[in-house]
Amino acid sequence: YSYEEALPAVTDLKQRDIPIVFCSSKTRAEQEVYCQELGLSDPFIVENGGAIFIRQGYFPFSFDFDKAENGYQIIELGIPYQEIRWVLKRIRSEIGLKFKGFGDMSAREVAKYTGLTADAARLAKKRAYGETLELDGSPAEIEGVLRAVKEAGLNYSFGGQCCDITGPNNKGRAVTILTELFCRKLGQVMTIALGDSPNDLSMLSVVD
């Protein structure tokens, strides 16, 4: 989880005044740590496109957003975490297969599962738009859980070792909305994305 090898690139982009937008499965709380440590104030996209966080005044024009909170204008594309938890609880009861999410784990258990530090694991548990599952069992059992998730109207995506359960949101939709805002501010722009997991495909498909 270290960003040390990326620091030269981050420094170069900052010197060129090129925005750096985090777009990951991480929560707002997790991403705020990286923004602070790297000295970034650009918008960021959380929980696989669940929401876009834009600091108030970043764009010098009015635009549609869902709520203002703690200095952010927030565009929400996902559904609330507790609704997702409720659906997963019903699925667990109906199909009789065992699986658990970050909401069922202690911070210590999340740290053990992910390799995060204890402090980072606590931030990872502060979810608002999606649940991360630890899936155990045979391939057929895991497929049964994922099929039930889809049948319940939710989506799933894989990033690294984790399976994230969300509503209709994805990274690509959020990136498209944010790109349109940047075009209003800057004119024609070129977008470049970096990603290495299946949950990045929607993002990679909408950038230059």
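The model is predicted; local features need pLDDT of at least 70, side-chain atom pairs 80 or more, while totals for chains, interfaces and linings use all residues. Residues are numbered from 1 along each chain as its sequence is written, and side-chain values use heavy atoms, without hydrogens and water.

I placed Asp-164 in strand β8, residues 162-166; strands are DSSP runs of E, at least two residues, and helices runs of H or I, at least four, numbered from the N terminus. Leaving aside neighbours within four places in sequence, I list among its contacts (heavy atoms within 4.5 Å) Ser-25, Asn-48, Arg-127 and Asn-199.

Next I checked strand β2, where four of five residues are buried. Strand β1 (residues 44-46) pairs with β2 in the antiparallel sense over three bridges; pairing requires at least two DSSP bridges. Phe-44 stands opposite Phe-53 in β2. In the hairpin of β1 and β2, with four residues between the strands, I noted a positive phi near 45° at Glu-47. On β4 (residues 72-76), I counted five bridges to β2, also antiparallel, and Gln-73 in β4 is the bridge partner of Ile-54.

Terms used
Buried means under 20% relative accessible area, exposed over 50%, partly exposed in between (1.4 Å probe, protein chains only).
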